[in-house]
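Subject: The structure I promised you

Hi,

Here is the structure we talked about, so please open it next to this email.

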Amino acid sequence: MSGSTIRVIIGPQHPALKEPERFILETEGEYVVDVKVRIGYIHRGIEKAMENRTYLQGLYLSERVCGICSDAHTTCYVQGVEELLGVEPPPRSRFIRVVVAELERIHSHLLWLGVAAHEIGFDTLFMYVWRDREVVMDLLELVSGNRVNYATNTIGGVRRDLNDERIQKIVKGLKILEERTKEYLKMIEKEQTVLKRTTNVGILSKSDAIKYGAVGPTTRASGVKRDVRADDPYAAYDEIPFNVIVEDGCDCLARIMVRGKEVLESINIIREALKRMPSGEIRVRVKPRIPPAEALSRVEAPRGELLYYIRSNGTDKPERCKIRTPTLANIPALCKMLVGGYIADVPIVLAGIDPCFACMDRVLIVDREKKRADVWTLDMLRRYGREWYQRH
Amino acid sequence: MVSETLNLILQLLIYPGFLFIFCLAFFSEWIMRKFVARIQSRMGPTYTGYGGVLQPIADFIKLLGKEDIIPALADRPFFTFTPLLYLALPLTAIFILPMASQSALISFEGDLIFLEFIFTMLTMMVFLGGFLSGSIFSMVGGVRAAIQLLGYEIPFLIALFSPSIPASSLSISKISAWQAQNNAWGLWTQPIGFSVLVICLLAELELLPFDIPEAETEIVAGWNVEFTGRRLALIRLGKDVEVVLASAILADLYLGGPQQVWIIPPIIIFLAKMFACLLLLGYLKTLFARFRIDQVLSGMWKYVVPAAMIQLIILKLIW
């Protein structure tokens with residue numbers, strides 16, 4: 001490290017981060033010249049725990065990987081398990097999955113919009129957006145019985161049906177949300193202080209977005225048309241027409257606009273899904289034991305592409321379950337965005353990828369000399385820790 | 001003689017002296033918090049006292065009782081003196097502003113210059129306090145405060161002194177008395193100057209969109225990140241007094257200050273004007289996102305400084 005730079009350490013505890021993660025910024029004056037990321041503060045061992053539980057128990061565990069995109073996690077998980085079983089969920093359940101997934105996307109994007117406003121110091125917008133987010137939270141509670149961790153999905157279908165009364169309430173709530181979101185988007189497009197803080201901030205060019213493998217709204221804000229819902233349709237997305245929102249701004253403003261417009265698009269998707277929803281069963285019964293097979297399941301979570309890999313071995317427990325969350329995929333792109341910006345822009349750029357660190361922390365030991373990567377168990381970590389302290 | 005001295009002591013200590021100003025400071029903090037909260041569709045303080053009116057005092061007492069830590073890397077004398085001066089400076093300045101009557105407690109020709117000196121000293125306290133408390137965050141905050149000063153200092157000076165041209169006096173009491181007698185409020189005769197002063201006061205008070213030295217999401221609490229307990233309590237109180245001072249300056253220099261209307265005593269009129277200015281500052285605070293430090297500097301020099309100068313030229317042409 002040269003003498004002229006100052007290290008500003010953001011995290012593990014920092015007001016701009018809602019979860020512990022560490023970013024070491026090398027700064028020259030107000031400029032950021034280099035970023036180092038240290039991840040892994042909230043490793044919870046969920047993948048290991050899944051191996052010790054049955055498939056049905058694993059469902060509830062996968063829901064708790066992330067509090068905000070819990071439905072995306074269970075959808076991804078049950079899709080994987082259904083693929084292992086060779087079971088097709090009934091059509092009505094697939095539409096209900098779409099409705100809940102899109103309600104969740106609205107809730108997640110509005111939450112993010114509030115956080116982004118807070119990061120640039122616009123607390124009034126933050127309060128307003130979060131007030132209106134309550135509408136969608138209430139709808140989710142109406143549909144599933146819970147404000148978070150909806151537990152809508154189950155292996156082979158969904159748990160709760162939608163009746164006419166609930167559908168009416170959803171339609172009513174969507175109208176409020178549509179009006180408010182349009183108003184906020186109009187306001188953000190005009191408000192000078194917001195524009196000043198977000199245009200040309202945290203630039204991620206189209207080629208970089210592809211090169212660093214960014215996912216979700218982050219990559220769509222860089223002009224890359226990439227959305228699992230359209231590219232590899234799951235649930236009922238192949239039966240519902242919708243647009244993939246793409247912005248060419250490559251900056252934080254584009255990320256705000258992408259998410260805002262996605263909220264409006266989600267509202268259209270839900271309306272369409274409610275209109276086209278077939279009647280019939282909502283779940284099929286499945287056997288607890290699953291023959292040996294492998295499955296890879298992809299879902300477009302609010303933050304981007306979520307990926308589950310599940311391997312079964314003939315028992316009622318999975319042999320391996322690997323989760324790749326969108327935040328992890330966006331971290332390399334994030335480092336690219338931060339370098340060359342101002343310290344003042346770090347929070348909004350960080351927030352720009354909608355990070356969810358608790359979801360992404362896994363213990364992955366990469367040994368550069370031996371060129372291999374291992375996933376460590378808790379015992380191995382303990383042993384390593386003891387040996388390390390004896391040596392040092 | 002004895003009664004006069006006693007009177008002066010009472011005036012200094014109780015009304016319109018220390019006690020009155022402290023109560024006013026706490027009350028204005030409550031007004032500001034409640035007002036901003038209602039605009040943002042929140043509740044604001046509700047728990048302590050009627051409508052949470054005692055909440056600022058409760059916060060102050062709570063902070064007084066908390067542990068007082070001096071960081072090992074901090075510069076001890078400065079770390080001790082900064083909070084004291086941060087409270088003492090605006091408190092001193094309030095005595096030269098007319099509040100209860102047309103003449104201030106302490107009034108002399110040229111006290112406007114003294115006021116300006118106090119404002120610059122306050123920013124210097126922020127800079128030194130931040131720079132010498134030995135944390136990166138506070139250092140960045142302190143430096144940001146000093147850089148921001150380069151932006152708003154010149155227009156602030158111009159907007160502060162332009163009311164003295166029509167009144168042809170450098171004493172705040174005389175300026176406000178002149179405005180009240182001639183019914184020529186600065187707000188009507190020099191509106192550009194008023195808006196320039198409001199913008200610069202927002203920057204001086206570190207309110208949005210200029211709360212860059214203590215931008216929470218960027219540098220935690222900025223320059224006061226290391227201050228705890230008693231010191232933080234003093235800084236918080238100092239900030240409240242500063243807000244009162246800023247709205248009082250607006251009321252005195254641009255709104256005619258305390259004046260007798262019919263049978264309403266001047267202090268009531270003055271307080272009404274002062275709280276109107278306070279609410280204006282609070283309202284502006286909720287409207288914007290935070291600027292970046294370079295945007296503040298370029299914006300100030302591109303727009304606010306020319307605006308202040310144009311106002312000065314117009315004034316010289318008229319008077």
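A word on terms: strands (E, at least two residues) and helices (H or I, at least four) are DSSP runs, numbered from the N terminus. A residue counts as buried with 20 or more other C-beta atoms within 10 Å of its own, as exposed with 12 or fewer, and as partly exposed in between; the C-beta atoms are placed from the backbone.

Before you go further, note that this is a predicted model: local features need pLDDT of at least 70, side-chain atom pairs count only at pLDDT 80 or more, and totals for chains, interfaces and linings use all residues. Residues are numbered from 1 along each chain as its sequence is written, and chains are lettered from A and ligands numbered from 1 in the order in which they are written.

Back to β2(A) and its partners. Strands count as paired if DSSP finds at least two bridges between them. On one side, strand β1 (residues 6-10) of chain A pairs with β2(A) in the antiparallel sense over five bridges, and A:Ile10 sits opposite A:Phe23. β2(A) also pairs with strand β3 (residues 31-38) of chain A, again antiparallel, over seven bridges. There, A:Ile24 has A:Lys36 as its bridge partner. Two residues lie between β2(A) and β3(A) in a hairpin, and A:Gly29 in the turn has a positive phi of about 60°.

Further along, have a look at strand β7 (residues 304-312) of chain A. This one is mostly covered, with seven of its nine residues buried. Strand β6 (residues 293-301) of chain A runs antiparallel to β7(A), and nine bridges join them. A:Glu300 pairs with A:Glu305 as its bridge partner, and the hairpin from β6(A) to β7(A) goes through two residues. Strand β8 (residues 318-324) of chain A is also antiparallel to β7(A), with six bridges. A:Ile310 has A:Cys321 as its bridge partner in β8(A). This hairpin has five residues between its strands, and A:Gly314 in the turn takes a positive phi of about 95°.

A:Asn200, at about 55°, lies in the loop between α7 (192-198) and α8 (206-211) of chain A. With 14 C-beta neighbours inside 10 Å, A:Asn200 is partly exposed. In chain B, B:Ser41 has a phi near 50° and is found in the loop between α2 (18-39) and α3 (55-64). B:Ser41 is exposed, with 12 other C-beta atoms within 10 Å.

What about the whole of chain A? There are 15 helices and 10 strands, and 47% of its 392 residues count as buried.

Last, the place where the chains touch. The contact takes 22 residues from chain B and 25 residues from chain A, where two residues are in contact if their C-beta atoms, placed from the backbone, lie within 7 Å. On the chain B side, α6 (136-161), α11 (216-219) and α14 (293-318) each supply at least two residues. The largest share, three residues, comes from α11(B).

Happy exploring!
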